[in-house]
Amino acid sequence: MRIFISAALAVFCFAAVGAQADAMVLIRLRADRIAFYYSRFVVMADGNVDVRTSDGMEIRGDAFSMDLRLNRFLVAGDVQLTTPHASLSGAA
């Protein structure tokens with residue numbers, strides 16, 4: 001079963017644990033469509049995806065997927081990554 005959240009700029013905030021056990025990074029996700037699949041514990045989004053982290057990284061693309069159990073996410077489709085020190089672009 002899945003729950004859909006649709007809005008022009010929907011916002012979904014959640015925390016992901018970093019490499020260290022005590023390090024916490026906040027991730028803010030904006031997109032045209034966001035879905036949470038609670039049976040798989042996965043968040044998926046598409047359409048004007050904008051991901052910003054509390055440590056200053058910003059990623060823009062067409063699609064987003066995050067496995068909340070593994071603390072891994074993927075942004076794909078015309079990706080622009082911006083950090084305080086560099087900017088990169090690519091497919092995913």
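Two strands are said to pair if DSSP finds at least two bridges between them. Strands (E, at least two residues) and helices (H or I, at least four) are DSSP runs, numbered from the N terminus. In this structure, β2 and β3 pair in the antiparallel sense over nine bridges. The model is a predicted one, in which local features need pLDDT of at least 70 and side-chain atom pairs count only at pLDDT 80 or more, while totals for chains, interfaces and linings use all residues. Residues are numbered from 1 along each chain as its sequence is written, and side-chain values use heavy atoms, with hydrogens and water left out.

The confidence of the prediction deserves attention at the outset. The predictor's confidence in each residue, pLDDT, runs from 0 to 100. The chain averages 81, and 76% of the residues score at least 70. Confidence is lowest in strand β1 (residues 3-17), with a mean of 38, and highest in strand β4 (residues 58-67), with 97. Over residues 1-20 the pLDDT stays under 50, and for this stretch the model has 54 contacts beyond four places in sequence; a contact means heavy atoms within 4.5 Å.

Strands β2 and β3 form a hairpin with four residues between them, and F41 in the turn has a positive phi of about 60 degrees. From β3 the reader may proceed to β4, with which β3 pairs in the antiparallel sense over nine bridges. The hairpin of β3 and β4 also has four residues between the strands, and here G56 takes a positive phi near 100 degrees. Further along, strand β6 (residues 79-82) and strand β7 (residues 87-90) pair in the antiparallel sense over four bridges. A hairpin of four residues joins β6 to β7, and L81 stands opposite L88 in β7.

Within strand β2 (residues 24-37) lies I27, which stands opposite T53 in β3. I27 counts as buried because its relative accessibility is 3%; buried means under 20% relative accessible area, exposed over 50%, and partly exposed in between (1.4 Å probe, protein chains only). I27 and M57 are 30 residues apart in sequence, and their C-alpha atoms are 9.5 Å apart in space.

Attention may next turn to the nonpolar core, a set of buried Ala, Val, Leu, Ile, Met, Phe, Trp, Tyr and Cys residues joined through side-chain atoms within 4.5 Å. The largest such core has 15 residues, of which L29, V43, A45, V49, V51 and F64 touch the most other members. Strands β2, β3 and β4 each supply at least two residues of this core, and β2 gives the most, with five. Leaving aside residues up to four places away in sequence, A45 touches L29, A31, R33, I34, D62, A63 and F64.

Side chains of opposite charge can pair when their charged atoms come close. A salt bridge is a side-chain nitrogen of Lys or Arg within 4 Å of a carboxyl oxygen of Asp or Glu, and a search of the whole structure finds four of them. One of these joins R33 to D46, with the closest N and O atoms 3.1 Å apart. This pair links distant parts of the chain, R33 lying in strand β2 and D46 in strand β3 (residues 42-53), 13 residues apart. R33 is partly exposed because its relative accessibility is 43%, and D46, at 32%, is partly exposed as well. D46 also stands opposite A63 in β4.

D50, R52, E58 and R60 are linked in a network of salt bridges. D50 bonds in this way with R52, the closest N and O atoms being 3.1 Å apart, and R60 with E58, at 2.7 Å. D50 is buried at 10% relative accessibility, whereas R52 is partly exposed at 32%. Likewise, E58 is buried with a relative accessible area of 18%, whereas R60 is partly exposed with 42%.

Finally, the structure holds two aromatic pairs. Rings of Phe, Tyr and Trp (its six-membered ring) pair if their centres lie within 6.5 Å; planes under 30 degrees apart count as stacked, over 60 as edge-to-face and the rest as tilted. The rings of F36 and F41 have centres 5.9 Å apart and planes at 70 degrees, so this pair is edge-to-face. F41 is partly exposed, with a relative accessible area of 35%.
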